[in-house]
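Work through the exercises below with the sequence and model at hand. Try each task before reading its solution.

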Amino acid sequence: MKADKVYLVGFMAAGKTSVARALAKRLRWDVVDVDESIEQRERATVADIFAKRGEPYFRSVERDVIAEQLRRRHVVVATGGGTFADVQNRAAINQDGVSVWLDVPLERLVDRIPADGRRPLAADRATFERLYDLRRAAYEQAHLRLDAGSASVDALVEQLLDWLSAR
């Protein structure tokens, strides 16, 4: 495990992008948001990619974006909610840097996700709950778990900095 790169993993709306930006600023590192990178590359929103090309296509592009990050150092990567659930991505991430699971309870996530269609996998509550349960097993394989249910972004960054400085 290399402590010169941090990958934030966790379910959609866990706060990965917000924590990544704040952590990168404190460390003076670059920041990459996987979903934003995909949207820029595809010139389409995640929701549009899912609707027009399907989830398998999206996951393929996502694997490419993760592979591109492997050569970089001193970067904080905010992954998508499903990135770490992919076996290939999870192995690459855990070998390449520090994986940090932002663990947020289901009810809290439901409150955070707007019902505007931007999160295609959150459209149906029953499917959303099944997906949450399924992905937790993957997230548990991260190097570090932070309880992000009620902690502020600043508090999470401080916890992460303390943990990284002990490495």
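**Exercise 1.** Find what Thr83 touches, leaving out residues up to four places away in sequence.

*Solution.* Thr83 touches Val34, Arg59, Glu62, Ile66, Asn89 and Ile93. Contact means heavy atoms within 4.5 Å. The model is predicted: local features need pLDDT of at least 70, side-chain atom pairs count only at pLDDT 80 or more, and totals for chains, interfaces and linings use all residues. Residues are numbered from 1 along each chain as its sequence is written, and side-chain values use heavy atoms, without hydrogens and water.

Thr83 sits in the loop between strand E3 (75-78) and helix H5 (87-96). Helices (H or I, at least four residues) and strands (E, at least two) are DSSP runs, numbered from the N terminus.

**Exercise 2.** Is Thr83 buried or exposed?

*Solution.* Thr83 has a relative accessible area of 0%, so it is buried. Buried means under 20% relative accessible area, exposed over 50%, partly exposed in between (1.4 Å probe, protein chains only).

**Exercise 3.** Which residue forms a salt bridge with Arg145?

*Solution.* Asp103 is the partner, with the closest N and O atoms 2.8 Å apart. A salt bridge is a side-chain nitrogen of Lys or Arg within 4 Å of a carboxyl oxygen of Asp or Glu. Now locate both ends. Arg145 lies in strand E5 (residues 144-147) and Asp103 in strand E4 (residues 98-103), so the pair ties together parts 42 residues apart in sequence. Arg145 is partly exposed at 45%; Asp103 is buried at 6%.
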